[in-house]
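Take a walk through this structure, one region at a time. Start with the picture below, then read on.

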Amino acid sequence: MKKVIMVAAGAILMTALSCQKEQTQVTENTATEIPAEKKQGIPDEEILKNYATEAQQLLGSQLKQKIAEGGPENALEFCNINAIPLTESISKKYKVTIKRVSDQYRNPDNAANPSELAVITTYKAMLAAGKMPEGLLKDGYYYSPIVTNAMCLQCHGTPGKELAEKTHLKIKSLYPQDKATGYGVDELRGIFSIAVNP
Ligand code: HEC
């Protein structure tokens, strides 16, 4: 029992330290630089994976910083204004089209199309079977899973539980049609969808 507590305390400390480290890095702009070259017009799978990772890191680091500065309610406005432009900045940088989409979307502009919904169904089945879904190149698109962790639940969890009432009210005012609550950890929140030949 004691051992379990110590391990847990260690994990919390590690998380705290890693957040701190990330925050100081954020100001220096951390996003990993990736070579922008494409092979014969079609970037290979490894490069596409890096685009998704870079977009995820950019959104994640900025989000963490905003939450640290003013809590989730404050970070909401930041996401509302910047989530799509930040994703687009990576699209422009590598001359591809990167979208962040979901079946249960918050912003209707992030609604998954039928091909994306099919991938979401596949990824959900993998998670349900205890397998971590991976990037997938299919019909000129590269897809990559976006899975929840505990941090996400502050804005995507269950109202009145992980999702505070105050935050939920603000979400509903910004997104009256919001479908993106009620998530637990390690669930599929959505996918990155990258058009390989834009
Ligand atoms: C501070 C609140 C907040 C937190 C924390 C948060 N999100 Fe979101 N999330 C939002 C908002 C607001 C949007 C809508 C952004 C927009 O208008 O494009 C969104 C949109 C998304 C979308 C795009 C699809 C949709 O629903 O519109 C995905 C995918 C997503 N979030 C995943 C995550 C994941 C994964 C985490 C945790 C690593 C996370 N979010 C943490 C507020 C948050």
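Residue classes come up below: Ala, Val, Leu, Ile, Met, Phe, Trp, Tyr, Cys and Pro count as nonpolar, Asp, Glu, Lys and Arg as charged, and the others, Gly among them, as polar. By these classes, the shell around the ligand has 16 nonpolar, six polar and three charged residues.

This is a predicted model, in which local features need pLDDT of at least 70, side-chain atom pairs count only at pLDDT 80 or more, and totals for chains, interfaces and linings use all residues. Residues are numbered from 1 along each chain as its sequence is written, and side-chain values use heavy atoms, with hydrogens and water left out.

Begin with the outline. The protein chain has five helices and four strands. Helices (H or I, at least four residues) and strands (E, at least two) are DSSP runs, numbered from the N terminus. Read from the N terminus, the order of elements is α-α-β-α-β-β-α-α-β. Of the 198 residues in the protein chain, 36% are buried. Buried means under 20% relative accessible area, exposed means over 50%, and partly exposed lies in between (1.4 Å probe, protein chains only).

Now follow helix α2, residues 45-94. What separates its end C-alpha atoms from the span of a straight helix? The helix has 50 residues, yet its end C-alpha atoms are only 14 Å apart, short of the 74 Å that a straight helix would reach at 1.5 Å a residue. That expected span is 1.5 Å times one less than the number of residues. Look at Gly71: α2 bends there by about 125°. The bend is the angle between axes fitted to the seven residues ending at a residue and the seven starting there. A proline, Pro72, follows within four residues.

Both ends of α2 have details to note. Just after α2, Lys95 takes a positive phi of about 55°. Leu48 also sits in α2. Leu48 is buried, with a relative accessible area of 0%. In sequence, Leu48 and Val196 are 148 residues apart, but their C-alpha atoms are 8.2 Å apart in space.

Next, the ligand. Which residues are closest to the ligand? They are Arg106, Cys152, Cys155, His156 and Tyr175, out of 25 residues that surround it. A residue counts as near if one of its heavy atoms lies within 4 Å. A backbone N or O atom of Arg106 lies 2.7 Å from a ligand oxygen. Asn110 places a polar side-chain atom 2.8 Å from a ligand oxygen. Arg189 also has a polar side-chain atom 2.8 Å from an oxygen atom of the ligand. The elements that give two or more residues to the shell are α2, β3 (141-147) and α4 (153-156). The largest share, eight residues, comes from α2.

Turn to the strands. Two strands pair if DSSP finds at least two bridges between them. Strand β4 covers residues 188-195, and eight of its eight residues are buried. Five bridges join β4 to the antiparallel β1 (residues 97-101). There, Ile98 has Ile194 as its bridge partner. Seven bridges join β4 to β3, also antiparallel. Val147 is partnered with Leu188, and Tyr141 stands opposite Ala195. Five of the seven residues of β3 are buried, so β3 is largely enclosed by the rest of the structure.

β3 also pairs with β2, antiparallel, over three bridges. Leu137 has Tyr142 as its partner in β3. Two residues lie between the strands of this hairpin, where Asp139 takes a positive phi near 50°. Most residues other than glycine have a negative phi. Asp139 is exposed, at 70% relative accessible area.

Finish at Ser102, in the loop between β1 and α3 (114-128). Is Ser102 buried or exposed? Ser102 counts as buried, at 5% relative accessibility. Its side chain reaches the backbone oxygen of Arg189 at 2.8 Å. A polar atom of the Ser102 side chain also lies 3.1 Å from the backbone nitrogen of Gln104.

Conventions:
A polar contact is a pair of N or O atoms within 3.5 Å; within protein, one must be able to donate a hydrogen and the other to accept it, and residues adjacent in sequence count only if both atoms are side-chain atoms.
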